[in-house]
Amino acid sequence: MTLPSTHDVALAAERRTAARLLLAHPLIASDGPHADLFPLIRRHADWLGKRFQQVLGYRLLVDSSYARLLKAGLGTGSGHRLERSTGTPFTPQTYACLALALSVLVTAPEQMLLSHLVADIRAAAADAGIELAETGRAAGKRTLVAALRQLVDWGVLIETEGHVAALVQEAGGEALITVDRELARVVVAGPLSQARNGADLVRRAADPGFGGPRTYVRRMLVETPVVHLDELTDAERDWLRTRQRREAQAFSELLGLEMEIRAEGVALVDPEEKLTDLHLPGTGTVAQAALLLAERLVERLRPQEPGHPATGGTLIIGVAVPDGLVDEVLAELITEYGQRSNWQRGYLEDLPSLREAVLDLLVRMRLMARAGRLRAEGEGLPEGYVEEASEGRTVTDVHGARPGGDGWVLLAAAARYATQVMVRPATAVGKGTDVQEELPL
């Protein structure tokens, strides 16, 4: 066996660093926050482009001033949402403002006044028959500013004099902005011209094309915290179970990710804990409450004898959460930890808001879900997509592996986050106590 040379090891490390950066930040400007690594992307552009296309079916564009990894969707409910600086998710109105602004900016002059851009966006909305919130009112202005701030973060807009926030900070506030039309043109990756409506666009964007099940499963693995088997069709489950060991090696080499394989599904784990936009365990009221809620639910609802069909057992991917149990447990947690752990007062006094925020995080982490039809049942598949495994192939039976109905489901991956809680004594400076989480080995 020939050991790799120092040069080969360094080359692989550079390519892995560039690939990880693009996966986490699909739009990189040469003068943006990751400017120090942009030369690395350009140096390995050909190799990266081929690998992303082969493995994930993603197209990579690299120019002298930007790199854009054109990702594909995963279907309804699987997107990575945009958020304001406060952590508040974009509303449909904010996305509408963002899309309208891009439609204007692709043909805008290199520099323009903020007031002119706002006027052009209003005109574009009227032409498209889109009803925007009144941009003259405070709420409408904040929505528009959130969309423009996102474009600033991406480098599409540059605040040459003043800031886009002047729209809400001052009456008649003005700013001079510079437009990068090239970046504006590559922001949107979906097949807009082919889609009949928004739902059709989501379906088309999730079509893996010629790669079929292979490409879709790989995308699921790298873009989501965990892939449960009943979120895959028969053909996708068949491909994953016959290839998972080889895929583990490929993902380790390309992205430095480790594959964790369980009876209920598969997850790619990042040892460096950087290749994610979600963190659990995490800091803050919502993350702490979510982790503690998951632990209590696992403790109360853990099935007694889960198994695997291959060994004669019953595969359990999810269990039903009884009505009212989430509120009951959250109320307990507020009493036990809320005050001592300095949780946000707004959440302590508003249980419905805490419940909404906590469940939102757990759903995005794929630890809980609403009951409903799944991909294994044909939900959300592109037209003409291969659902069945090849004739004669036996795949894991996922029928009934999670409950139906209308309620909440606690998913198998939540057991990984069962915690042991320790509350440290209050510090001398009076900052309250901390909730510490320990994950089981």
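Two strands count as paired if DSSP finds at least two bridges between them, and the elements themselves are DSSP runs numbered from the N terminus, with helices being H or I of at least four residues and strands E of at least two.

Before going on, a word about what you're looking at: this is a predicted model, where local features need pLDDT of at least 70, side-chain atom pairs count only at pLDDT 80 or more, and totals for chains, interfaces and linings use all residues. Residues are numbered from 1 along each chain as its sequence is written, and side-chain values use heavy atoms, with hydrogens and water left out.

Back to the strands. β4 and β6 sit in an open sheet of three strands, ordered β4-β6-β5 with antiparallel pairing. Its edges are β4 (111–113) and β5 (157–161), each of which pairs on one side only. From one strand to the next, the twist averages 35°. Helix α5 (residues 114–128) packs on this sheet and touches β4, β5 and β6, its direction making about 85° with that of β4. Contact here means heavy atoms within 4.5 Å, while angles run from 0 to 180 degrees between N-to-C directions, and axes are lines fitted to C-alpha atoms, for helices over the stretch in contact.

Now for a helix pair. Helix α4 (residues 92–105) packs against helix α6 (residues 138–154) at an angle of about 55°, their axes 8 Å apart. α4 and α6 are therefore oblique to each other (under 35 degrees is roughly parallel, over 145 roughly antiparallel, 65 to 115 roughly perpendicular, and the rest oblique). From α4 the contact draws on Q93, T94, C97, L98, A101, L102 and L105, and from α6 on T143, L144, A146, A147, L148, L151 and W154. By type, these residues divide into eleven nonpolar, three polar and no charged (Ala, Val, Leu, Ile, Met, Phe, Trp, Tyr, Cys and Pro are nonpolar; Asp, Glu, Lys and Arg charged; the others, Gly among them, polar).

Four bridges join β8 to strand β9 (residues 265–269), and E260 has A267 as its bridge partner in β9.
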